[in-house]
Amino acid sequence: MKDLEVYLINLDRSPQRFEVMEKRLLKLGLKFTRISAVDGKNTIFDDTQIDENKYEFCHGKYITPTEVACYISHYNTMETFLKSEKKYALILEDDIIFNDNFMDVLNVLMKQPDDWDLVKFNGAHGGGKIKYKTILPNVSLVFNLFHQSKCGAYLINKKAANSYVSKLLPMFVPIDHEYIKFWKYGIKGFSVFPFPTMEGGVESTIDYKMMRKNRKPWYKKFSVLLYKTYVTFCRMVWVFTEVLKNRFTFVKK
């Protein structure tokens, strides 16, 4: 683990979350650096950070500051990583629970760094899993034919971090929608299946109630359909290009 830096994204107003995560990480023997998360409740964002018009066009919602804050917090963490001497970073949000095999998964991936640029350790809505390789008994490295949200835990190298930092801003969709566009960032991006982490069941610091209030009425969301159709097309082209280049197999749920 000498080449690995672990970053924990945590709000200053969430000390209890920090204490819980500190115990979990120390139990795993992982030293970490705390990243002070951007607090959307007391931050004003400018047009270098968020493209308001494009956000409403592509996401179908008015801006939710806490969602923007989450995006910028991940961006800041990647910037911090690029300033370090370490080759790889494990980036974590502060509500992650580690399954029993997490360290085994992390160790084997660290021994096979040429296989990946980014690996997701948690997610949702992940359908159409296509296996790249088996990394442990009953554990595979996969990529997804369909959209897979969530970004609470992921492993990243300097190549991917450089690409993200150069292209992530200004924000126009949530971070978990944007960073899985592996074709856009020119990286090898995968997920672990089954996931070795899960969310901790605590209330999110992203204000989902406000997000629901900020949704545009359905008749104003035609632009979102166009955007999602475009992204789906790009993903399909990327997936089938990878399938043609490699002998991948579909993974049953």
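The points below go through strands, aromatic pairs, charges over rings, the cavity and some backbone details.

1. **Ground rules.** This is a predicted model, in which local features need pLDDT of at least 70 and side-chain atom pairs count only at pLDDT 80 or more, while totals for chains, interfaces and linings use all residues. Residues are numbered from 1 along each chain as its sequence is written, and side-chain values use heavy atoms, with hydrogens and water left out.

2. **Strand 3.** Let's start with strand 3 (residues 88-93), where six of the six residues are buried, so the strand is largely enclosed by the rest of the structure. Here buried means under 20% relative accessible area, exposed means over 50%, and partly exposed is in between (1.4 Å probe, protein chains only). Strands (E, at least two residues) and helices (H or I, at least four) are DSSP runs, numbered from the N terminus. In a regular strand the side chains alternate between the two faces of the sheet. In strand 3, Tyr-88, Leu-90 and Leu-92 point one way, and Ala-89, Ile-91 and Glu-93 point the other way. Note that Glu-93 is among the buried residues.

3. **Its neighbours.** Which strands pair with strand 3? Strand 1 (residues 4-10) runs parallel to strand 3 and is joined to it by six bridges, with Tyr-7 opposite Ile-91. Strand 8 (residues 153-157) runs antiparallel to strand 3, with five bridges between them. Two strands pair if DSSP finds at least two bridges between them.

4. **Strand 8.** Five of the five residues of strand 8 are buried, so this strand too is largely enclosed by the rest of the structure. Ala-153, Leu-155 and Asn-157 point one way, and Tyr-154 and Ile-156 the other. Strand 5 is also joined to strand 8, by three bridges in an antiparallel arrangement, and Val-119 of that pairing stands opposite Leu-155.

5. **Aromatic pairs.** How many aromatic pairs are there? The count comes to 14, where rings of Phe, Tyr and Trp (its six-membered ring) pair if their centres lie within 6.5 Å; planes under 30 degrees apart count as stacked, over 60 as edge-to-face and the rest as tilted. Phe-102 and Phe-121 form an edge-to-face pair, 5.5 Å centre to centre with 80° between the planes. The two are 19 residues apart: Phe-102 is in helix 4 (residues 102-110), and Phe-121 is in the loop between strand 5 (118-120) and strand 6 (129-136). Phe-102 is buried at 0% relative accessibility, and Phe-121 is buried with a relative accessible area of 0%. The ring centres of Tyr-164 and Tyr-179 are 6.2 Å apart and the planes are at 40°, so this pair is tilted. Ring pairs also link Tyr-132, Phe-143, Phe-182, Trp-183, Phe-190 and Trp-238 into a cluster.

6. **Charges over rings.** Lys-54 lies over the face of Phe-172, 4.0 Å from the ring centre, and Lys-158 lies over the face of Phe-81 at 5.0 Å. The rule asks for NZ of Lys or CZ of Arg within 6 Å of the ring centre and within 35 degrees of the ring normal.

7. **The cavity.** A search of the whole structure finds one cavity of 30 Å³ or more, and about 100 Å³ of space lies in the largest cavity. On a 1 Å grid over the protein atoms alone, a cavity is a set of points where a 1.4 Å probe fits but cannot get out, and lining residues have an atom within 4 Å of a point. Grid points are joined across faces, edges and corners, and a volume is the space filled by probe spheres set on the points. Of the 13 lining residues, the closest to the centre are Asn-144, Phe-146, Gln-148, Ile-180 and Phe-182.

8. **Backbone details.** Most residues other than glycine have a negative phi, and most peptide bonds are trans. The bond from Leu-169 to Pro-170 is cis, with omega near -5°, and Phe-193 and Pro-194 are also joined by a cis peptide bond, with omega about -5°. Asn-138 has a positive phi of about 65° and is exposed, with a relative accessible area of 73%. Lys-150 has a positive phi of about 85° and is partly exposed at 25%.

Methods. On a 1 Å grid over the protein atoms alone, a cavity is a set of points where a 1.4 Å probe fits but cannot get out, and a pocket is an open set with protein on both sides within 12 Å along at least five of seven lines; lining residues have an atom within 4 Å of a point.
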